[in-house]
Amino acid sequence: EEVKKLRADMQKKQNFEEATRSLADLLSKHYRDSDKAVQDDLYDACKRACSLLRSRYTGAKFWQAGKRLFETLLGVLEDETGRSKEVRGWIDMAKEEAEKSPEKEEAPPKQEAPASHQPQRMTLNDLLQSLITEVNVADLMHAVPIGDSSGPPPASRDARFNLDMKTVQDKDVVCAVCQEEFPVNGKAKMMPCGHPFHYDCLMEWLERKNSCPICRYSLPSEQVAFDLAEDLVRARDPTSS
Ligand SMILES: [Zn+2]
Ligand SMILES: [Zn+2]
């Protein structure tokens with residue numbers, strides 16, 4: 001019964017080593033005292049293990065497990081019949097396979113490892129995504145120095161899309177881009193400085209400049225946002241380059 005169960009266990013790759021250990025245990029404890037039928041079962045189970053090794057479990061560790069099993073079997077076989085001879089053949093095969101398999105199996109990962117660890121250039125979006133849990137976009141905007149001297153770059157896409165919409169409740173509020181008054185309860189897109197604009201007016205403006213048309217409050221520009229985000233990612237993960 002136990003032999004049957006072990007034969008079934010051997011069919012599963014993750015159980016193979018354990019099953020061969022148990023089988024070797026059975027061999028050394030009971031083989032000599034068992035009758036012919038049980039001995040045949042045990043021998044067949046070992047033979048089955050050998051054919052599994054040749055067809056499916058070709059890895060070195062499986063052959064190691066097989067080698068231990070076959071050596072145990074050879075130890076309990078008393079006769080110098082065809083069986084001992086056959087088992088010696090299995091052991092030789094296992095020795096050979098256990099030695100040559102490691103290179104075959106481990107060489108490919110060694111070659112691939114450097115390639116897969118190449119740092120890849122992150123996109124701005126990746127960087128901002130990786131920061132989103134820890135850095136509030138508003139903080140990012142306030143961190144940018146006001147009055148950048150290198151001309152007016154466009155505001156970063158993320159900065160533009162993160163601006164709030166607000167309902168205008170006062171009379172006589174004017175969009176500084178088109179000079180039109182907002183209707184009471186009309187919608188305005190708000191700059192962080194608090195100046196209101198029509199959505200379309202402000203989006204068009206920020207595609208060309210990164211500052212408020214009224215007070216010149218600066219949003220992060222595309223380049224500044226990228227550098228800032230990259231620095232923050234580096235500071236958080238010193239191993240990345
Ligand atoms: Zn407008
Ligand atoms: Zn403003």
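This is a predicted model: local features need pLDDT of at least 70, side-chain atom pairs count only at pLDDT 80 or more; totals for chains, interfaces and linings use all residues.
Residues are numbered from 1 along each chain as its sequence is written, chains are lettered from A and ligands numbered from 1 in the order in which they are written, and side-chain values use heavy atoms, with hydrogens and water left out.

**Entry 1: the layout.** I counted 10 helices and 3 strands; these are DSSP runs numbered from the N terminus, helices being H or I of at least four residues and strands E of at least two. From the N terminus on, the order is α-α-α-α-α-α-α-α-β-β-β-α-α. Of the 241 residues, 35% count as buried; buried means under 20% relative accessible area, exposed over 50%, and partly exposed in between, with a 1.4 Å probe and protein chains only.

**Entry 2: the cores.** Next I looked up nonpolar cores, which are sets of buried Ala, Val, Leu, Ile, Met, Phe, Trp, Tyr and Cys residues joined through side-chain atoms within 4.5 Å. The largest has 31 residues, and Phe70 and Leu73 have the most contacts inside it. Two or more residues each come from α1 (2-10), α2 (13-30), α3 (36-55), α4 (60-76) and α5 (82-116). The biggest share, 8 residues, is given by α3. Another core, of 19 residues, lies apart from this one and includes Ala155, Ala188, Cys201 and Tyr217.

**Entry 3: the rings.** I found 3 aromatic pairs in the structure. Rings of Phe, Tyr and Trp (its six-membered ring) pair if their centres lie within 6.5 Å; planes under 30 degrees apart count as stacked, over 60 as edge-to-face and the rest as tilted. One aromatic cluster is formed by Tyr43, Phe70 and Trp90. The charged end of Arg83 sits over the ring of Tyr43, 4.3 Å from its centre; the test is NZ of Lys or CZ of Arg within 6 Å of the ring centre and within 35 degrees of the ring normal. Lys209 likewise lies over the face of Trp205, at 4.8 Å from the ring centre.

**Entry 4: the zinc ion.** Which residues are the protein donors of ligand 1? I found Cys175 (SG), Cys178 (SG), His198 (ND1) and Cys201 (SG), 2.1 to 2.4 Å from the zinc ion. Donors are N, O and S atoms within 2.8 Å of the metal (3.2 Å for Na, K and Ca), and water is not among the atoms, so sites may look incomplete. The angles among the 4 donor atoms are 93 to 119°, and the site is tetrahedral, a label for four donors with all angles between 85 and 135 degrees. The donor spacing in sequence reads C-x2-C-x19-H-x2-C. Cys178, in the loop between β1 (165-168) and β2 (186-190), and Cys201, in helix α9 (residues 199-206), link distant parts of the chain, 23 residues apart. Cys178 is partly exposed at 29% relative accessible area, whereas Cys201 is buried at 16%.

**Entry 5: positive phi.** Asp172 is not a glycine, yet its phi is positive, about 60°. Asp172 lies in the loop between β1 and β2 and is exposed, at 57% relative accessibility.

How values were computed: Four donors count as tetrahedral if all angles lie between 85 and 135 degrees; four count as square planar and six as octahedral if opposite donors are over 155 degrees apart and all others between 65 and 115; anything else is irregular.
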